[in-house]
Amino acid sequence: MFIFNKKYFYLTVLLFLIEVCIAVFINDSFIRPFIGDVLVVILIYCFVKAFWNIHSSIVALSVFAFSCAIEILQYFNFVNNLGLQKYKILAVALGSVFDWKDIIAYAIGIIIVLWLENRT
């Protein structure tokens with residue numbers, strides 16, 4: 001079950017660096033909020049696949065469910081309710097504003113993952 005897959009590990013590092021660049025250098029209304037959310041589910045997927053040998057569809061659906069759960073928690077303002085707003089990096093990573101467009105972005109990211117994993 002536990003493995004180390006270099007391909008997914010390198011993809012994880014690359015996607016993380018792209019996400020950091022988006023967060024630090026881009027402040028627009030499309031790339032940062034939408035493309036960043038598409039990429040974040042791909043990043044999480046690659047991270048899981050880098051260390052665990054689990055079927056791609058199970059990982060993809062689990063990452064989508066996890067992402068949606070975090071988004072739903074944002075609706076209930078959980079970062080502030082748990083007093084986590086003082087931890088800036090954690091607060092930014094978990095988010096604080098619910099948006100249906102984020103769930104659409106997560107779905108697009110997972111569809112990309114499944115398409116890439118299942119193409120012949």
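Which residues do ring pairs link into a cluster? They are F2, F4, F9, Y10, F47, F51 and W52. This is a predicted model, where local features need pLDDT of at least 70, side-chain atom pairs count only at pLDDT 80 or more, and totals for chains, interfaces and linings use all residues. Residues are numbered from 1 along each chain as its sequence is written, and side-chain values use heavy atoms, with hydrogens and water left out.

**Aromatic pairs**

- Searching the whole structure turns up 13 aromatic pairs; rings of Phe, Tyr and Trp (its six-membered ring) pair if their centres lie within 6.5 Å, and planes under 30 degrees apart count as stacked, over 60 as edge-to-face and the rest as tilted.
- F4 and F9 form a tilted pair, because their ring centres are 5.3 Å apart and their planes meet at 50°.
- Y8 and Y45 make an edge-to-face pair, with centres 6.2 Å apart and planes at 75°.
- This second pair links distant parts of the chain, as Y8 lies in helix 1 (residues 6-25) and Y45 in helix 2 (residues 31-51), 37 residues apart; helices are DSSP runs of H or I with at least four residues, numbered from the N terminus.

- Y8 and Y45 are both buried, meaning under 20% relative accessible area, while exposed is over 50% and partly exposed in between (1.4 Å probe, protein chains only).
- F4 is partly exposed at 46%, and F9 is partly exposed at 29%.

**A charge over a ring**

- R119 places its charged end over the ring of W115, 5.9 Å from the ring centre (NZ of Lys or CZ of Arg within 6 Å of the centre and within 35 degrees of the ring normal).

Conventions. Helix = DSSP H or I, 4+ residues; strand = E, 2+ residues; numbered from the N terminus.
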